[in-house]
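Please look over the sequence and the model below before reading on. The paragraphs that follow go from the chain as a whole to particular contacts.

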Amino acid sequence: MRTLTIYLSEDETLSKWAVKQANSMLNDRYRLVHLALDMKAPYHTVRRFIAGENVALEIQDKFMQLYLHRHVYADKWNG
């Protein structure tokens, strides 16, 4: 079993942390469309999530699942 500890500042919420992490994943080669495909979510909904707008908890759950697979289960992700 693997664990992931997330440290939040006093005024930070898990949703704000997730948006910050999602934005840090994006770059010139890994764009928003790729994130949406990996999350298996509609592009426009992921765009709203990245912008920090209100989205359904399902989208946040999908991002957290993707984040966990990339960071906690990195050996399986990398092949």
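Contact here means that heavy atoms lie within 4.5 Å. On that basis, among contacts in the protein chain between residues at least 6 apart in sequence, 47% join residues at least 24 apart. The model is a predicted one. Its protein chain holds five helices and zero strands, and from the N terminus on the order of elements is α-α-α-α-α. Of the 79 residues in the chain, 32% are buried.

Thr3 is found in the segment before helix H1 (14-25). With a relative accessibility of 63%, Thr3 counts as exposed, since the cut-off for that class is over 50%. Thr3 is 69 residues from Val72 in sequence, while the two C-alpha atoms are 7.0 Å apart in space.

How do the axes of helix H2 and helix H3 cross? Helix H2 covers residues 32-39 and helix H3 residues 43-50; their axes come within 9 Å and cross at roughly 110°. Angles of 65 to 115 degrees count as roughly perpendicular, and H2 and H3 are therefore roughly perpendicular to each other. The crossing in which H2 passes H3 is right-handed. On the H2 side, the residues that meet H3 are Leu32, Val33, Leu35, Ala36 and Met39. Their counterparts in H3 are Tyr43, Val46, Arg47 and Ile50. Sorted by class, this contact of H2 with H3 has eight nonpolar residues, no polar residues and one charged residue.

Lys20 has a relative accessible area of 47% and is partly exposed, whereas Glu12, at 16% relative accessibility, counts as buried. The cut-off for buried is under 20%.

Asp38 is partly exposed, with 30% relative accessible area. Arg70 is buried, its relative accessible area being 17%.

Arg48 is partly exposed, with a relative accessible area of 31%, and Glu53 counts as partly exposed at 43% relative accessibility.

Helix H4 also contains Gln60. Is Gln60 buried or exposed? Gln60 has a relative accessible area of 18% and is buried, because that class takes in values under 20%. Which residues does Gln60 touch, not counting residues up to four places away in sequence? They are Ser15, Phe49 and Val55.

Conventions
Residues numbered from 1 in each chain as written. Predicted model: local features only at pLDDT ≥ 70, side-chain atom pairs only at ≥ 80, totals over all residues. Heavy atoms only, no water. Axes fitted to C-alpha atoms, helices over the stretch in contact; angles between N-to-C directions. Helix = DSSP H or I, 4+ residues; strand = E, 2+ residues; numbered from the N terminus. Parallel < 35°, antiparallel > 145°, perpendicular 65-115°, else oblique. Left-handed = near helix turned anticlockwise from the far one by under 90°. Nonpolar A, V, L, I, M, F, W, Y, C, P; charged D, E, K, R; others polar. Buried < 20%, exposed > 50% of the residue type's maximum accessible area, 1.4 Å probe, protein only.
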